[in-house]
Amino acid sequence: MLRFGLFGTGHWAAETHAAAIDAHPRAELVGVWGRNPERAAALADRHGVPAFGDVDALLNECDAIAVALPPGIQADLAVRAAIAGRHLLLDKPLALTLADADRVVAAAQQSGVASVVFFTQRFHPNVTGFLASTAAAGGWQHARATMFASIYQPGSPYGESQWRIEHGALWDIGPHALSIILPVLGRVTRVAAMNGPSGLVHLLLTHVGGATSAISLTLDAPREATTRDFVFFGENGTETVPPGDGDAITAFGTAIDQLLEEIDAGTRDHRCDVRFGREVVEVLSAAEVARAEGRTVEI
């Protein structure tokens with residue numbers, strides 16, 4: 001049984017992380033830590049576990065951490081947990097700076113802990129199967145990704161998320177887009193970016209080997225314009241990525257399965273580990289510079 005400490009108390013922590021850990025036959029939730037003690041106590045009570053006021057105290061009680069906190073907080077916490085020998089089930093993006101992402105990777109590698117970064121779509125079997133077969137087919141020249149979300153509509157659990165308000169779609173849903181495109185087209189070598197209305201950000205990427213991709217993102221789309229669309233173009237025509245077949249709780253359960261496989265086998269080569277999380281942060285950081293300075297950034 002893998003004992004999880006949950007760090008975070010928001011909607012994603014409660015309705016995805018905690019729910020999935022509770023439902024998993026080989027996982028056990030042993031405690032909750034959060035920045036708001038009252039919310040931590042409420043979530044912990046809901047699952048019949050203690051709330052912890054001290055990070056290290058919870059680390060002492062668990063084998064692995066699940067993190068549903070802003071990425072700027074997650075990075076420091078992940079380093080502390082890795083140094084303590086705790087396995088890592090982290091959220092995207094791994095961090096908000098490349099330097100912080102590097103610190104997480106270094107700590108995980110030095111301690112030898114297993115790591116998985118939860119890019120939701122990458123844990124739906126139909127999506128991962130599609131990406132594997134599409135990558136194997138080869139001959140792809142371009143990809144187009146459009147992710148128009150609307151988190152500021154009444155009732156959205158994310159509309160008051162301060163880190164999303166501050167960092168926008170690039171850092172919130174940009175990681176999801178990259179997690180789909182990179183496995184097929186490969187590592188990014190050049191980045192151009194510009195802003196549009198309503199929080200829009202557009203990326204134009206060059207990948208190793210010469211393929212390109214274009215990504216358009218917003219968290220503030222009109223309700224009628226919300227969409228998710230991924231298409232690959234190449235020598236054999238076009239391929240459209242299917243929507244994930246399942247909900248977030250099921251996907252998080254799959255992430256737990258795969259973390260356990262890494263631990264049981266003693267391997268440290270998961271396709272969505274902290275090294276892949278760092279690769280995504282590197283692209284996002286370059287895009288931040290590109291749109292601020294109006295130039296193409298080499299990676």
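The model is predicted, so to speak of local features a pLDDT of at least 70 is needed, side-chain atom pairs count only at pLDDT 80 or more, and totals for chains, interfaces and linings use all residues. Residues are numbered from 1 along each chain as its sequence is written, and side-chain values use heavy atoms, with hydrogens and water left out.

**View 1. The open sheet.** Here 6 strands (DSSP E runs of at least two residues) lie in the order β3-β2-β1-β4-β5-β6, with parallel pairing; two strands pair if DSSP finds at least two bridges between them. β3 (51–52) and β6 (115–118) are at the edges with a single partner strand each, so one side of each has no neighbour in the sheet.

**View 2. Strands β1 and β4.** Parallel strands β1 (residues 2–7) and β4 (residues 64–67) are joined by 4 bridges. Look for L6, which sits opposite A66 in β4.

**View 3. Helices α4 and α5.** The axes of α4 and helix α5 (residues 98–111) come within 8 Å and cross at roughly 10°. Axes are lines fitted to C-alpha atoms, for helices over the stretch in contact, and angles run from 0 to 180 degrees between N-to-C directions. Angles under 35 degrees count as roughly parallel, and α4 and α5 are therefore roughly parallel to each other.

**View 4. Where the helices meet.** On α4, the contact (heavy atoms within 4.5 Å) is made by A75, D76, A78, V79, A82 and I83. From α5 come D100, R103, V104, A107, A108 and S111.

Notes
Parallel < 35°, antiparallel > 145°, perpendicular 65-115°, else oblique.
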